[in-house]
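Hi,

Here is the structure I promised to pass on. Have a look at it first, and then read on for what turned up.

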Amino acid sequence: LGFEDEVLAGLHDFHYDVGVLGRPVNDTRLHCEYYNSHRVMVIVRADHRLGRRRTIRMAELQDGPMVLRPHLSTTRQAFDRALAETGVSVNVVMEINNREAAREAVVRGFGLGIVAESELAPSPSIRAVRVSDAEMFTQACLVCLVEPRDRPLIDAYFRIAASIDPKQRGALPAIVDHSA
């Protein structure tokens, strides 16, 4: 199962009250609300030739070594769309199913990576660079079952999330587990 499948299964099996997914879901059994979006950035080692730059163009990634998450990752999907739209090809040297491990592979010099701005962990070893000629964003959507949507805990989660100034909205926990 992919992460999204796990969250949806947990909601349908009543293991989770609320999930946060990277895209809207089209399922009449689910209540889904857009929460925010985050720019996808390229991450490089601090000593990489692009490490001192604030922005790059997609063409600068042409044939370069990349450490990426699997195709199920919404960050990867946004990046792949930008590659297709700009006609750029990269050399995927490693595909890792863990954000932190992919980041560590970049730090170790295996290639460049990508990350949603909200998930960027600051480090002196790594720099995040914006891509100036591609629109790459991930989304966060709050999801719960329709039937229990009005329960106090679930309703409070949605109300609190909605009350946060959109300019201040960071990442949310991916799962709200009622048994915790």
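Predicted model: local features only at pLDDT ≥ 70, side-chain atom pairs only at ≥ 80, totals over all residues.

Asp 63 is exposed, with a relative accessible area of 54%. This residue sits in the loop that links strand 3 (55-56) to strand 4 (65-68), and its phi is positive, about 60 degrees, although it is not a glycine.

Phe 14 is another case: it has a positive phi of about 65 degrees and is not a glycine either. Its place is in the loop between helix 1 (3-12) and strand 1 (18-21). Is Phe 14 buried or exposed? Phe 14 counts as exposed because its relative accessible area is 54%, and the cut-off for that class is over 50%.

The largest nonpolar core is made up of 21 residues, and the ones with the most contacts inside it are Val 42, Met 58, Leu 61, Phe 79 and Met 136. At least two core residues come from each of strand 2 (30-45), strand 4, helix 2 (74-86) and strand 7 (126-131). Helix 2 gives the largest share, four residues. As background, nonpolar side chains tend to be buried together in soluble globular proteins.

Not counting residues up to four places away in sequence, Met 58 touches Phe 79, Ala 82, Leu 83, Thr 86, Val 88, Val 131, Asp 133, Ala 134 and Met 136. There is also a second, separate core of ten residues, with Val 18, Tyr 35, Cys 144 and Phe 158 among them.

Strand 2 also has a part in the strand pairing. It runs antiparallel to strand 6 (residues 113-116), and four bridges join the two; Ile 43 stands opposite Gly 113 of strand 6. Which residues of strand 6 point which way? Gly 113 and Val 115 point one way, Ile 114 and Ala 116 the other way, and all are buried. In a regular strand the side chains alternate between the two faces of the sheet.

Finally, take a look at Thr 138, which is found in strand 8 (residues 137-145). Thr 138 counts as buried because its relative accessibility is 7%, and the limit is under 20%. Leaving aside neighbours within four places in sequence, Thr 138 is in contact with Asn 36, Ser 37, His 38, Val 40, Thr 74, Thr 75 and Ala 116.

Best wishes

Definitions and conventions. Residues numbered from 1 in each chain as written. Heavy atoms only, no water. Buried < 20%, exposed > 50% of the residue type's maximum accessible area, 1.4 Å probe, protein only. Core = buried A, V, L, I, M, F, W, Y, C linked by side-chain atoms within 4.5 Å. Contact = heavy atoms within 4.5 Å. Pairing = 2+ DSSP bridges.
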